[in-house]
Amino acid sequence: MGNVLGISCFYHDSAAAIVINGKIEAAAQEERFTRIKHTSEFPEQAIRYCLEHTGLQLHELDAVVFYDKPLLKFERLLETYYAFAPRGIVSFLKAMPVWINDKLFLKNKIRKHLSAIGGIGTKQPKLLFSEHHLSHAASAFYPSNFESAAILTIDGVGEWTTASIAKGENSGISILKEMKFPHSVGLLYSAFTYYLGFKVNSGEYKMMGLAPYGNAEAVETKQYISTIKSHLVSIKNDGSIYLHQAFFNYATGLQMVNEKKWQTLFGFKRRIPESELLPHHCNLALAIQTVTEEIVLKMATEAKRLTGSDYLCMAGGVALNCVANGKLKSSGLFKEIFIQPAAGDAGAALGAAMAATHLYFNTARHINSMQADAMQGSYLGPDFSDKEIEQMAKKMKAVYKHCETFSELTATTSALIANGKVVGWFQDRMEFGPRSLGNRSILADAQHSDMQKKLNMKVKQREGFRPFAPAVLEEDREAFFELSSPSPYMLLTGYVKPTRRVPLPIDVTEQGMWDKLYCERSDIPAVTHLDFSARVQTVSKTTNPKFWELLNAYKVISGKGLLINTSFNVRGEPPVCNPDDAYRCFMATEIDYLVIGNYLFKKEEQPAISADIQLSKVLVATD
């Protein structure tokens, strides 16, 4: 039994993935097709892509697997409202009609959506439901190259579970320990995301990026950490936590926290979204980041104790916290760590498919010792032919140059970047997961001290404090960063080597946020955060030869095989999927050049873009 489709939807980050005889063949997030960021809708277009890529029709599938169990989730909802009654009556009355009329009959709803896609015929594929954290665990363990490993999953909440420790052994997974709702590391972190004025379920990485602007030595920061631990969360030695619910409203309310009580605790009101970021906001972000790192390290230590394993696999939304991951890696607790690159709910679609493949259909697991993992660089989305690129150019009346060889293209592109130009880079299959890893990327020179400001304000159209990640040749990793292993999925933070750093001003802790932001910190200033950290992507010649060749061509010119790599999108939009998306984004921003395949587009040569093909959300983006 070999053809399994996994889906996740109806909460956030809908996605689909197909696994055939244990091999990951295709995976994509629905947002990339609908252009609605973090969409919760049924992943119809993602499923269509997966089927088209594999040449399968729905009736040829052995199973369709949903990533969690809605009846268990409904049980948790009812028991929570009962436990907190009479609190939450407004939320209860709002939630119940949705569940009774819709989510309780999810099996029928899924079959209806599948029928709309077509190709079911007389044979209905099995419809299975995997538990949420099992889906996360499977997404991390099965693609890893470990025969045996500890598995740690941490997120907001699934059905009841908010974190789990498991052991993977060959084709099996055994759950050893679970933490239950309402006590949740993910919800704790999201509560601070909300209080600091960012959007829950998407703004957590902004808060992580804000934390280094805080002052770890400040009395205020230390007091915030003490307050968090004494009033909001009790942390046990095994990493389990107890959240004091009098300060939170997420269990039955319509917002994350009790704002009046938090204002009393921290001495300031909830930050209004888009308002000025002040030192106390930065210090509070640093405080919760510090507490989260402590919890994650304790959970990982407990996973080590329970399993005795030298290897760790991680998934769940909190596993996208690359700063915590970097500190866990540098602790030396495990020899190797594999983190699912699509660690959030999108990746749970893949995990559901893999859990059914190995646990339900008993398909043997095959490990390729020649590969680091089975994710294929996470390049699992659609690609586009030269014909399709030319069709886009004709429709847009776009002017382009076609390079006869890829080496000609990389030589030209690397020279442009070295001269300070910003390039949209579009090659081969789209990435699966939240990070652009060199196939749907915006690239620029990390040596330009003003490039961070230029990219944030004029290209990405987002908050100016946001850091950028470096993509570096895998073999040059140790020349730039204190990072003991490759980081192909941009999920580990490492520190810029001391020999490359520029001493910070003596009074840096007293400076305002924007003064801190624009002080030079290293010889690669555009990717060096205030604490000298960087969210690193190492690029392998084997996994992504085209991106590697570009970095190498840039190294020939500049002496450094390293570039800024940020996702090819603007604020409020998901990363681009197809050539049309790429051209629209190129024309709506101050990107100087666009590369799609071997085609090079220069901004100055393009005709004015018509209103009907402009980006849909650039002017109204709020996230």
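This is a predicted model: local features need pLDDT of at least 70, side-chain atom pairs count only at pLDDT 80 or more; totals for chains, interfaces and linings use all residues.
On the α7 side, the contact is made by Val185, Leu188, Tyr189, Phe192 and Tyr195. Helix α11 contributes Leu284, Ile288, Gln289, Thr292, Ile295 and Met299. Sorted by class, the residues of this contact comprise nine nonpolar and two polar ones, with no charged residue.

Helix α7 also packs against α10, here at an angle of about 85 degrees and with the axes 12 Å apart. An angle from 65 to 115 degrees counts as roughly perpendicular, and α7 and α10 are therefore roughly perpendicular to each other. In this contact, Ala191, Phe192, Tyr194 and Tyr195 of α7 meet Glu259, Trp262, Gln263 and Phe266 of α10. The contact of α7 with α10 has six nonpolar residues, one polar residue and one charged residue.

The structure holds 31 salt bridges. In one of them, the side chains of Glu274 and Arg571 meet at 2.5 Å, N to O. Glu274 sits in the loop between α10 (259-266) and α11, while Arg571 sits in the loop between β20 (562-567) and α20 (579-588), so this pair ties together parts that are 297 residues apart in sequence.

Attention can now turn to empty space. Rolling a probe the size of a water molecule over the atoms shows where such space is left. The second largest pocket holds about 850 Å³ of space. Its lining is made up of 31 residues, and Ala372, Asp373, Pro486, Pro488 and Tyr489 lie nearest the centre of the pocket. Strands β12 (336-339) and β19 (533-539) each supply at least two residues of that lining. The largest share, four residues, comes from β12. By class, the lining of the second largest pocket has 14 nonpolar, 13 polar and four charged residues.

As for cavities, the count comes to one of 30 Å³ or more. The largest cavity contains about 40 Å³ of space. Lining this cavity are Tyr213, Gln452, Pro467, Phe468, Arg521, Ala526, Val527, Thr528 and His529. Five of these lining residues are nonpolar, three are polar and one is charged.

Most residues other than glycine have a negative phi, and most peptide bonds are trans. Against that background, the peptide bond from Phe181 to Pro182 is cis, with omega near 10 degrees. Pro182 is located in the loop between β8 (172-180) and α7. Asn21 has a positive phi of about 50 degrees, although Asn21 is not a glycine. This residue is placed in the loop between β2 (15-20) and β3 (23-29).

Key: Residues are numbered from 1 along each chain as its sequence is written. Side-chain values use heavy atoms; hydrogens and water are left out. Contact means heavy atoms within 4.5 Å. Ala, Val, Leu, Ile, Met, Phe, Trp, Tyr, Cys and Pro count as nonpolar, Asp, Glu, Lys and Arg as charged, and the others, Gly among them, as polar. On a 1 Å grid over the protein atoms alone, a cavity is a set of points where a 1.4 Å probe fits but cannot get out, and a pocket is an open set with protein on both sides within 12 Å along at least five of seven lines; lining residues have an atom within 4 Å of a point. Grid points are joined across faces, edges and corners, and a volume is the space filled by probe spheres set on the points. A salt bridge is a side-chain nitrogen of Lys or Arg within 4 Å of a carboxyl oxygen of Asp or Glu. Axes are lines fitted to C-alpha atoms, for helices over the stretch in contact, and angles run from 0 to 180 degrees between N-to-C directions. Angles under 35 degrees count as roughly parallel, over 145 as roughly antiparallel, 65 to 115 as roughly perpendicular and the rest as oblique.
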